Amino acid sequence: AIKARIEAQLKGRPELDLRYVTVDVHSGIATVSGLVPDLEQQRLIDRLVRRTRGVDHILNNLLIQE
């Protein structure tokens with residue numbers, strides 16, 4: 001359910017490029033991995049995931065595409 005809430009939050013933002021982004025949740029810890037085009041998107045995804053109900057901690061493994 002937490003994963004679905006995170007994905008809904010992210011997909012509700014058309015400016016985000018989520019083609020190479022994956023989300024996994026285990027015991028309140030959300031792991032976000034993949035490639036994003038810039039630092040701004042990395043920060044926005046981090047912010048959205050952190051404020052999702054049920055997320056206690058985030059492991060942000062997003063890399064900026066070069």
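Biologist: Which side chain does the side chain of D17 make a polar contact with?
Modeller: This is a predicted model. D17 sits in the loop between α1 (2-11) and β1. At 2.7 Å, its side chain makes a polar contact with the side chain of R19.

Biologist: Is D17 buried or exposed?
Modeller: Buried means under 20% relative accessible area. D17 has 18% relative accessibility, so D17 counts as buried.

Biologist: Leaving aside neighbours within four places in sequence, which residues is D17 in contact with?
Modeller: One of them is L35, found in strand β2.

Biologist: Which residues make the nonpolar surface patch with L35?
Modeller: L35 has 32% relative accessibility and therefore counts as partly exposed. The patch covers about 290 Å². Alongside L35, the patch is made by Y20 and L63.

Biologist: What separation do the C-alpha atoms of E15 and Q41 have?
Modeller: E15 lies in the loop between α1 and β1. E15 touches Q41 and L44, not counting residues up to four places away in sequence. E15 and Q41 are 26 residues apart along the chain, and their C-alpha atoms are separated by 8.5 Å.

Biologist: Why does E15 count as partly exposed?
Modeller: Partly exposed runs between the 20% limit for buried and the 50% limit for exposed. E15 falls in that class because its relative accessible area is 41%.

Biologist: How many Å does helix α2 reach from its first C-alpha to its last?
Modeller: Helix α2 spans residues 39-50 and has 12 residues. At 1.5 Å a residue, 16 Å is expected. The reach is close to that, at 16 Å.

Biologist: Which residue caps the N-terminal end of α2?
Modeller: Look at the backbone nitrogen of E40. A side-chain oxygen lies 3.3 Å from that nitrogen, and it belongs to D38.

Biologist: What covers the buried residues of α2?
Modeller: The buried residues in α2 are Q41, Q42, L44, I45, D46, L48 and V49. Their cover includes α1, β1, β2 and β3 (57-64).

Biologist: Where does S27 lie?
Modeller: S27 is not a glycine, yet has a positive phi of about 50°. Most residues other than glycine have a negative phi. S27 lies in the loop between β1 (21-26) and β2 (29-36).

Biologist: Is S27 buried or exposed?
Modeller: The cut-off for exposed is over 50% relative accessible area. S27 has 63% relative accessibility, so S27 counts as exposed.

Conventions:
Residues are numbered from 1 along each chain as its sequence is written. This is a predicted model: local features need pLDDT of at least 70, side-chain atom pairs count only at pLDDT 80 or more; totals for chains, interfaces and linings use all residues. Side-chain values use heavy atoms; hydrogens and water are left out. Helices (H or I, at least four residues) and strands (E, at least two) are DSSP runs, numbered from the N terminus. Buried means under 20% relative accessible area, exposed over 50%, partly exposed in between (1.4 Å probe, protein chains only). A polar contact is a pair of N or O atoms within 3.5 Å; within protein, one must be able to donate a hydrogen and the other to accept it, and residues adjacent in sequence count only if both atoms are side-chain atoms. Contact means heavy atoms within 4.5 Å. Patches are made of residues with over 30% relative accessible area and no salt bridge: like charges are joined within 9 Å, nonpolar side chains (Val, Leu, Ile, Met, Phe, Trp, Tyr) within 5 Å. Accessible areas come from the Shrake-Rupley method with a 1.4 Å probe; for residues, only the protein chains shown count as cover. A salt bridge is a side-chain nitrogen of Lys or Arg within 4 Å of a carboxyl oxygen of Asp or Glu. The expected span of a helix is 1.5 Å times one less than its number of residues.
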